[in-house]
Amino acid sequence: MREKSDRIFYHVDWITVSIYLLLMAMGWMNIYSAVYDAKSDIFDLQRQESKQLLFAVISVMLAFVILVIDASFFTATAYILYGAIILLNIAVVFLGTEIRGSHSWFKIGGFSLQPAEFAKWATLLALAKFLSSINRPDSRKTLLTTMGIILLPMVIIMGLQSETGVALIFIAFIIVLYREGIVPGWLLLFGLLSATAFILGIKYPGTIIETDKSVDPAKVSYHFGLKSFLIWTSILLAFGLLRLLLIRRTAKQIILTFVVIGFFSGLFLAAPVALEKLPVHQTGRIKCWLGLPVPRAISDRYDYNTKQSMIAIGSGDWLGKGYLQGTQTKFRFVPEQETDFIFCTVGEEWGLAGTSLVVILYLILIMRLIIMSERQRSDFTRIYGYGVASVFFVHLIVNVGMTIGLLPVIGIPLPFFSYGGSSLISFTILLLIFVKLDSQRLLILR
Amino acid sequence: MNPGIRQYILLGLTLLVVVLYISRLFYIQVVDDKYKLDAHNQAFLYQTDYPPRGVIYDRNGKLLVFNQVAYDLMVVPRDLKDCDTAGICGILNISKEEFLKRLAKLSGSVETARGDYRSHIFESQMLPELNARIQERLYKFNGFYVQARTVRKYPMTIAAHLMGYIGEVDERITSEDPYYKSGDYIGKSGIEKGYEDYLRGKKGVQIKMRDVHNNIKGSFKDGKYDTAAVPGLSLISTLDAELQQYGELLMTNKIGGIAAIEPATGEILALVTSPTYDPNLLVGRDFPKNYSLLVQDTLGKPLFNRALQAFYPPGSTFKLMNALIGLQEGVLSTSTYYPCAQGYPPGGGKPKCHPHPSPLALTGAIATSCNSYFSYVYRSIIDNRNYKGDHVAGYNAWRNYVLSFGVGTRVGTDLPFDAKGIVPSAAYYDKIFGKNGWRSNTVTGVGLGIGQGELSITPLQMCNIICAIANRGYYIVPHIIRTIGSDSSLAKYQQKHYTKVTSPHHYESVIEGMANVVTGGTARVARIEGIEVCGKTGTAQNPHGEDHSVFVCFAPRVNPKICVAILVENAGYGSAWAAPIASLMMEKYLTRKINRPELEQRMVEGDLLHRHPQMQNLQPKHP
C-alpha cells in the first residue's frame, strides 16, 4: 500500500481531473475571446489573457504539489491553515489596497491576491476536521461550534471587507451540514420556504411603503396592503387546515400549525420593510431582479447588467456566433464580461451548445464529487468532498442564474471560467485537496 | 433520516437545477428572438445609401421632373448626451419644449428616448443653406448627423396630377413591404406611384459594427454584405409637355378635364385637370402645410384628378356609341330616318330636342345631335327582334358593346386610381323597377340613348372611345409612360383591344357624321384650316347646375394623330367652351402654332369659376 501511494497519480480520479483541466482550458479560451482585440498577445503580461494563462500554469503546478503531499498533511494542519487564512483575511483589511471601496486585495507587483477566496477551502478543512472528530453530531455544542467555524470568515469577509458575494458562498456549507445530519431536512426546507416567503412578500407586498419626497425624503410611511396580505394568509390557512386534516390533531400540532402560519404572515409583512433597511445597492439589486420600480440610477446599473447579459447570451441561438465573433461581448456592451459575466461570452459565441456543455460538465463534476464523497471510509474526506461539491454547486447556480436573469446580480465568479488568479488558484486547491484525499481513501484519515 | 437518501436528494437537486437552467437557456437563446434583435440593433449600424430617384422626360425629351439635393437632420436619441441643444434649437428656430416634444414623438416618450438607439428624421429636407449652418457646428451636436437625400423638382410646373407626389411611407407600408423603412419616401399618386418600383432604384446599405460607446468598429465581415445603391430608372413619358401646358392654360378659371391621346399608340399626349396646382408645392418641408391648404379647398378640389377619376355623364357624345352599336346590331343603317318633334315622340316629347329639320338620316342626326333620333336608335337596340322581345337580353347586348370600349370597367392605364365609371347593369334596373318592371322606353326615357341617365364616364374613357372610333375598331390601352430605363417595348401597350363593333364601314358612317358636326353641324367653331376634324358635341345635364360642356374629336380624319375629349363643368353648350378648347389643343399639337389668336384669347380669359356666388373665393390656380 505504502509504496504504491508514493506514486503521484496512484488512485487519482481521472474523471474529476479531466473535467477540471477541460473547464480550465475552456475558461481560458473564453477569457481570451472576452478581452480579445487587435493588441492581443499571450506573452504580454499586462494583458488579462496572458495573466490568466500564467495563473493556469501556476494552478497546474500547484495541483502537482498537492498530489505529491501526503493527504494526512491536510487533516493534520486543517486548523492551522484555517487560522492562518483567517489572520490573512483580517490583515488584508488593514494592509490591503483599496479597490472599488473594499479592502480585500493584496497588491504584489502587477498582481492582486484576494485572501477571501482562500477562506473557502480553509474553512472547509476546519469544518471537516471538526465534524469528523466529534461523537455527538446532534448536540447543541456541535451546532454552535460548527456555526462558529462557518460564520467567523463570513463576518470578516462581509463585515470588514465588504465582499458580500464571496461571503454568501459560505451558506453552501449548509448542504454539508444537512448531509451530516447536523441540520435536519425540515429546517432546510423551512429556510427555503422562509426565503421564498420573503421574496414573495417583497414582490407582492403586504406592507406598502411610501416616501413623500416633497416633505422629507428620509421619512417613509407604511400602509397596510390588505388585499395582498389576505391572499397570503388565506393560502397559508388553507395549507394549515389541510395539514390538520391529514394528521392527528393534538393540541400541540394545532398550536404549531398556527405558529407557523403566524410566522409566515409576519414574514410577508416584514419583508418590504426589511428590504428598505438593507443598504441601498442591495435593495436595488433585489428590486431590479423582481422587476419592481427602482430609481433610474439603480436600474441603470443593475438592470443594465442583467439586460446586456441576457442580450449577449440570448443572441447566441443554437450554435453561437463563432469563436471571437461575439459582438455584444467584443464591443463591451456586457460589463465585467471577463470576470463575473464570462458566461455571456460562452453563450454568445458558442450558443446553446456551448452553454449546455458547460452546465452539463459542472453537473457531471458535482455529481462525481458527491458519488466520490459517498465512497469514503474517512468522515473527513466525505465531509470535505461534500463541501467541495456544495461550493461548486452554489457558484454555478448563483453565477449562471445571474447571467440568465433568474437571480439578482451577485458578484461571484464562475469557477475556472472567470478571470482572476485568486479564484482560479483557490478553486484548484479546493478541488485537488479532495482528489488527493480521495486517492488515499483506503487509508482512514482523521 | 437515512444518509443514503440525503445523497440522492442532493443529486436530484443538482440535476433539477441544471435541467431548469438549460431550459431557461434554451428559451432565451433559441426560442425568444427578442435578444437577437436587441443584440443586432445595439451592435450593428445600417447606413443606408439612398439612390437618386429616376427622372422623367416628356415625349420630346423635355425634363418633367428631376432631383434636387436636400438634407435630412437625423437624430439618435440615445447619443444626445452633452448635445448643444440650445444651439440646434437656435438654428432650427424651435423652442426647447418643441425640441423635447419632437424627441418624445420620435421615441415614444422622453423616457424611452434615453435608450433609443434608432435613427430618426428630426428635421426633414433641409435646403443647402440650413444644412451648411448645421454642418458648421455639427461637432457640438452629439447624436445628430446629416443625411443627404433628394427632393423632386418640377421645372415646368405642369401636370401635377399626372406626376403625383412622393411622401414618407406610413406604417401600413413598412409592415407590408420590408423594402421600406420608416422615413423612406414612396410615390403616393400619379406616375410617382404607378412607377414607384422603377423610379425608386435600390437602396444600398453599409453594415457597420459599433461598440457600447457608439464608436464605429469597422464594417461587418469587411463589407461582405454591403450593397451599393442603384439609381432609379429614368422614364420617358408619352406626355407632350407643351400640349399639356397649353391645355392647362386654356382651362384657366374653368373646372373640368381634358384627355388627349394618340390613337394609333394609346399614348396619352395630355391629361389636363382643372383646377390644378404647382407640383412643387408638394415637395420638401412645406408638403404638410401646402397639402392641407389644397385639401381645404373643398370647392375646387385641386387634388382631385378629374380627367382620370371624375364621373361625368357623357351627354350627346355618347350618341356615337349608340350609332355604332345600332349599325353593328343591324337595327340601324345610314338610311334610317326618324322623326323629331323637338322631342322624342314615343316618350311624350322627352327627351327634348332643339329645332332642326326633320326627319333626319344618321349623318344628319349626328351633325345636329338629334335627341329624338338616338332615342329611337337606342330603343331599337334594346327591343332588337333578334332577342325575341327580351329587352333584358337587348340591354345586356348593348351593355357588352359599351364595355368593349373600355367604359364601365378599368381600362388598364398605368396611372393609379383610374376610375371605372358606371354603365348600369340590367340587375340595377331590376332592383329599381322590379324584375320585368322596366322596358326599353324606361331606360330610353332616362336618357341612356343620349348619354344621360345613370351613365358615368371619365374624360379619359371618353377619349378612349374616340380612339377606338379613330382607329376604326380598336384601342390601345392609354398609357403615360413609353420607356422605362432603356426598355421601350412595353408589351402591354402593343396589344390592340378590338371592340365588339367590328365592321370598319360602321365607323366610317359615324365618322362621316362627325365630320359633318364640324363642317356644318353643332361644332363649326372647331374647324381648323387645312385639317379635317371629326367631332361631336355634348351638353350634359347634371344635378349640380348648368350643363357640362362636352366635346370629343379627332384629327385628321384619315390617319388620325390625336383624339381629344374634354368636359368643362357647368359651362353650357358643348360648342361654347369644350369644342373651341379641344380644337385649339388639336391645332397646337398638329401645327405647333395657333392661327386663331382671338379664339385662344377668349378661351384663356374665359372665367367660368366666378360666375357662381359660392365660387367667388375660389383660387383658380394655387400659388
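Visitor: Which residue stands opposite B:G538 in β17(B)?

Guide: In general, the strands of a sheet pair through backbone hydrogen bonds, either parallel or antiparallel. In this predicted model, B:G538 faces B:V550 of β17(B). The two strands concerned, β16(B) and β17(B), the latter covering residues 545-555, are joined in the antiparallel sense by eight bridges.

Visitor: To what sheet do these strands belong, and in what order do its strands lie?

Guide: They belong to an open sheet of five strands in chain B, ordered β12-β11-β18-β17-β16, and the pairing is antiparallel. At its edges stand β12 (267-274) and β16 (534-542) of chain B; each has a single partner strand, so one side of each is left without a neighbour in the sheet. On average, neighbouring strands are turned by 10° against each other, direction ignored.

Visitor: Which helix packs on this sheet?

Guide: Helix α22 of chain B, residues 578-591, does so, touching β11 (256-262), β12, β16, β17 and β18 (562-568) of chain B. The direction of α22 makes about 150° with that of β18(B).

Visitor: Let us turn to chain A. In what order do the three strands of its open sheet lie?

Guide: Their order is β1-β2-β3 (chain A), with antiparallel pairing. The edge strands, β1 (97-99) and β3 (111-113) of chain A, each pair on one side only. From one strand to the next, the twist averages 55°. Strand β2 of chain A, residues 102-108, is joined to β3(A) by three bridges, and A:F106 stands opposite A:L113 in β3(A).

Visitor: How many residues of chain A are in contact with chain B?

Guide: There are 36 residues of chain A in contact with 30 residues of chain B. On the side of chain A that touches chain B, α14(A) supplies the largest share, 12 residues. By class, that side has 21 nonpolar, 11 polar and four charged residues.

Terms used
Residues are numbered from 1 along each chain as its sequence is written. Chains are lettered from A and ligands numbered from 1 in the order in which they are written. This is a predicted model: local features need pLDDT of at least 70, side-chain atom pairs count only at pLDDT 80 or more; totals for chains, interfaces and linings use all residues. Two strands pair if DSSP finds at least two bridges between them. Helices (H or I, at least four residues) and strands (E, at least two) are DSSP runs, numbered from the N terminus. Axes are lines fitted to C-alpha atoms, for helices over the stretch in contact, and angles run from 0 to 180 degrees between N-to-C directions. Two residues are in contact if their C-beta atoms, placed from the backbone, lie within 7 Å. Ala, Val, Leu, Ile, Met, Phe, Trp, Tyr, Cys and Pro count as nonpolar, Asp, Glu, Lys and Arg as charged, and the others, Gly among them, as polar.
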